[in-house]
Amino acid sequence: MKPPRLSYARPESLDDALSLAARYGADAKLLAGGQSLVPMLNLRLADPGILIDLNRLSSLSGIRRENGSLRIGALTRHRELELSAEAAAAEPMLKRAAREIGHLAIRNRGTVGGSIAHADPSAEWPLLAVALDAKLGLRSQRKSRTVPAREFFAGPFTTCAEPDEILTEIDFPLATSGGGFGFQELCRRPGDFAIVAVACRLDLENGRCTAARIAVGGAGPTPLHLPAVEAIVKGSRGENDAINEAAAAASRAVDPASDLHGSADYRRRMVAVLARRALSEAFTNASPS
Amino acid sequence: MNEPLSRLTIRLSINGRKVEREVSARVTLADFIRDDLGLCATRLGCEHGVCGACTIIMDGVSVRSCLLLAVQADGAEIRTVEGLAEAGAMSAVQRAFRDHHALQCGFCTSGFLMTATELFERDAAADESEIRHALSGNLCRCTGYANIVDAVAALLGRES
Amino acid sequence: MKTPPATTAKLLGARVHRVEDPRVLLGHARFVDDIALPGKLALAFARSPYAHARIVSINTEPARSIPGIECVLTSADANELVAPLRMEHRPSFPAPPCRPVQWPVLAEGKVRFVGEAVVAVAAENRALAEDAAAAVEIEWEELEPVTDPERARRPESPRVHDEWPDNIFQTVEFSAGPVADAFDRADLVVSERFRIGRHMALPMEGRGIAASFDPASEILTVWASTQMPHVLRAEIARVLRCAENSVRVIAVDVGGGFGLKSHVFPEELLAAALARRLARPVEWIEDRREHLIASQHARDQIVRAEMAVARDGAILGLRAHITCDIGAYTEYPWRTFEANVTAMAMPGPYRIPAYQYTTVSVATNKCSIGAYRGVGQPIGVFAMERLVDIAAARLGIDRIEMRTRNMIARDEHPYTTITGDQIESGSHRECLRKAVEMISSGPHTGRPNSPSIRRGVGFASYVEMTAPSSMVWQTLGPPGSGSEPAMVRMETDGSVTVALGTNSQGQSHQTVFAQAAAAVLGIDPDRIRVVQGDTAATPRGWFAGGSRVAVVSGGAVIRAAEKVRDKLLGAASMMSELPVSELVIRGGSICRAADGAPISPIAEVAEAIWIGRAGLPPDEDQGLEFTVRYEPPPVTHSNACHAAIVDVDTETGTVAIRRYVVVEDCGTMLNPDVVDGQIQGGVAQGIGGALYEEIVYDDNGQILTGTLMDYMPPTAPDVPRVEIAHIETPSPFTVWGIKGMGEGGAIAPPAAIANALADALREFDPRVNRTPLTPERVLSMIPSKNSR
């Protein structure tokens, strides 16, 4: 199981990387953590011909607050996010999700940006980006733009990034005080890709939900934002009826495919179960205002 | 480094020793360590990043060497099982595995040793459940894991 | 049988560091891929993308033209190098008849399963070989595949082997006792259809071979990841059409086998043949994809079973119809016997007065099935132990009580079962009682702390067939020997070399047999080196598997060591003029038994023997070396009871094993640490088969579980720490009463977990009748309105 023939470029600056991306475009693949790309090379499911290694671009790494958001450089390793006090303070659901990604060795290399650009419908970062309405920074030699995560994912392993664009940062909104989050992932064994997963972030005032952000992963070609569910949750205090109604709505909103790890019917039912658990978790774990 | 190349020269440190080699861009770090450097204790169990048999320590953290290309290791410090012993004497991690009957066929052992070495050097405080999660990325078919968990628990100063 | 001498008790059953460990831990282990062979070529294969298709044409030119490619072979080339792999029924052997199977080295005319090797490429390295294999152009004519074993039995089904009249490889019928009468007069008949899913051994090291022909010695040396160096040697010689004495097989380290590597595969034979033809070393190291798709699968049986019981729970009779999906070929060189072992395992530890079974082994367009830890026993135990629980529930009898009532009592042994198997000794009720006691106290015995969780406890008792004799093997199918040799030699310096006919794939043979020989000889185990795996350095043996090595290699080692000890003491007696009864070997010296005073160092006596100066009678040769071949009794039986507590999440169907108990009786234990390790490892594999591992084919015969992302062995968080207790009921027939146990841990978990699941969900009266018990399948047992 050896990779096919390939050529390798290792730019030392973002400008050099953008220049390579412009020159080779769709004939090249960007290499970040490699935890998704290199298995595909080994299995010969990918034959890009040219790899552009982004790992020397230290400017793309880092976690900091910027303009009222938590800015995460695309090259930030999962492990760094898992351990970051800054991230935990700004949006604790990020740390919670990071812990679930693969295994230690994968988190040591895999990157937040790489996961988002790879767009596996079952992966944690695409789900959180959609749930929290993150903003993604994309750069090419031609332009810089910001794309809402909710508009970024086009299908399984497919995004709206153009062949010469590099994802540079992900801006997550800061959690408001007094709110709560719920993160529920169903998988066969710890560290596996989720069969389905639900992420939600609630703003709460005196126990009443004033704003909700909810998305589901693993139940469709991309992570799915659930505005209909948010509408039910908003205004409630986490009563059983409200949560059950919201869970049922979540289940109706998805149209999952069947595969080896779960039939469509099972996934749909699990969306309801996980939505209920995530919402209960969010209401219960709300931090005191 | 702005031209894609199919062969590159890399310089790295392996178990404290500096080496320089020319490599093909498509060779994985695992194959480079085994075939070019002749260090065969790093093993190939799946070559798609699931089993952990190829685990090494690169720049201080455990990584799957089958998911890295050798060319990516330019400038890196690599540690493998062959570098764990000090002057021929087993390290604390190696001794713990021996003391707890934590290996049977030995094929997965190198990967577990390197994962355990990262945990030990980080001195992570962990209960049995956390230890099992930390080891969840290394597969074993012989031992059923219990003795490996015991070895790591002993290393981290915990009764399990 | 002699019981081990009292002085050996200290060493026997001792917990010692393994001699295997330092070299592995320090990085000096040598698996096949680690063997350095300068100038070696790497082999790769173009494999079939179809389950059933005719090969219309093959164009190898695009592959040949890649620089670095040494040769590209199709079936015509392979047939020149390698004689056909053919398995036929041999009427002079007692095994039941079966259809002949011809297994082409490279697919010829048509392919019969996805992954079958069609074209071989030898190149300077594996990456190039894969490039070339991918460049080969093959034109196909797709044929309709047959993937369902019950459908494959029908005469109109597509034929896997055109020369057979149908797809049935073998049918075996058995009947004993008043079966019809038992079912007529039963107060209750319980029946169920059990489906055990296809899974596999999945050792961490896949298959591999490296062969090198040395013109100086004219010997073909083959390094192999194998459980049977001597058998592989014979097969290589046979297919290469050369003398067995011109082939040497060496297994240095083997990364797990579990039965898979007690077979010979076409790829291995082709690599050996090429090495000789090309006069260059040739290596084939299987990658994980090949392993999952095209090595050897296991289990995959349907058991329709019925049990006739009386109102008081007494079992009156048993009927079983077993279908095994054996895949495209049969296990080589043995011929598949899985279904028959399932049938023989069903009676277990119970008194069954009447039993009728039929086994049907059916070919399909899938990878072949072969032996994997436990063979058919996990399936037979699953069916039986589920039936016992189902019957107990229907009768309103406590399931422990029902088991106890029907179990063979201690003093009923030796007990001849309804299939003619003689169980020499056993502790079935004692193990059950102890397991109940252990699982009933301790954590997780109370109610679970969440309303959506249901908790249950389940039990599974079994008898394990271990160390079969030559006759029993040959009756099952494999035309092999049940005996094993051991050579024990004391050198002139008093150190000892032990050479075994078997080799280890992790079972700690080098530690265990050094201990056993040390116990006999009265010397430190550090003075003993156990040699294994090299056909040039070991007496000719058979294979490691069938839970036989401790009994058979062990028996041979002990007997050979006894001869060395007796000769040593005899010579010491002559030299010291003291009677043998007054001498003992201790602390590196021959000593006076009465007060332990040393008389002479062992080395002095050993050397004297070697040069004929020990005063031994002239009819005793010079030399302190004995090879003993030990043939075990027909079957040696160990037994155990497994118990599990599981929590079922009724909303998701997820099953968590909270506790797992094993009470095991394998007679005399040579090393309890090793035994416990085998149990823990076996249980982990059993849990894999019970809950996680499944090989899935679609209706077109496409295999969907081709990577470890889809085929899921359990990881550290998935396997509980097994709580183990031992009962020791020695065999009255084997050396030191040793019984085999290596497979046992894997035999009962599917049954114990299924029974625990059925107990957890009893309010829903679930049909728990298949493995793996995935969350989705479990959820389907729970009515929707309850899974809130």
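Helices (H or I, at least four residues) and strands (E, at least two) are DSSP runs, numbered from the N terminus. I need that for my first stop: just after H17(C), C:Gly612 takes a positive phi of about 75 degrees.

Housekeeping next. Residues count from 1 along each chain as its sequence is written, and chains are lettered from A and ligands numbered from 1 in the order in which they are written. This is a predicted model, where local features need pLDDT of at least 70, side-chain atom pairs count only at pLDDT 80 or more, and totals for chains, interfaces and linings use all residues.

**Helix H17 of chain C**

I looked for buried residues here (20 or more other C-beta atoms within 10 Å of a residue's own; exposed is 12 or fewer, partly exposed is in between; C-beta atoms are placed from the backbone). In H17(C), residues 602-610, I found C:Ile602, C:Val605, C:Ala606, C:Ala608 and C:Ile609 buried. Seen down the helix axis, the buried residues of H17(C) fall within an arc of 160 degrees, so they line one face of the helix. That arc is taken from the directions from the helix axis to the C-beta atoms. An α-helix has 3.6 residues a turn, so residues three or four places apart point the same way.

What do the buried residues of H17(C) pack against? I listed strands E21 (484-490), E24 (583-586), E25 (589-592) and E26 (598-601), plus helix H16 (549-576), of chain C. Contact here is two residues with their C-beta atoms, placed from the backbone, within 7 Å.

**The core**

I then went after nonpolar cores (sets of buried Ala, Val, Leu, Ile, Met, Phe, Trp, Tyr and Cys residues joined through C-beta atoms within 7 Å). The largest has 424 residues, and those with the most contacts inside it are C:Val119, C:Val121, C:Val498, C:Ala517 and C:Leu757. H16(C) supplies the largest share of this core, 14 residues.

Domain bounds come from an automatic or database domain assignment. Chain C gets domain 1 (6-30 + 483-630), domain 2 (32-143 + 207-254 + 261-294) and domain 3 (298-470 + 633-786). I looked up domains 1 and 3 of chain C, and their C-alpha centres lie 38 Å apart. Their contact takes 22 residues from domain 1 of chain C and 23 residues from domain 3 of chain C. On the domain 1 side, H16(C) gives the most, with 7 residues. By class, that side has 8 nonpolar, 11 polar and 3 charged residues. For these classes, Ala, Val, Leu, Ile, Met, Phe, Trp, Tyr, Cys and Pro count as nonpolar, Asp, Glu, Lys and Arg as charged, and the others, Gly among them, as polar.

**Chain C against chain B**

How many residues does each chain put into this contact? I noted 41 residues from chain C and 40 residues from chain B. On the side of chain C that touches chain B, H18(C) gives the most, with 7 residues.
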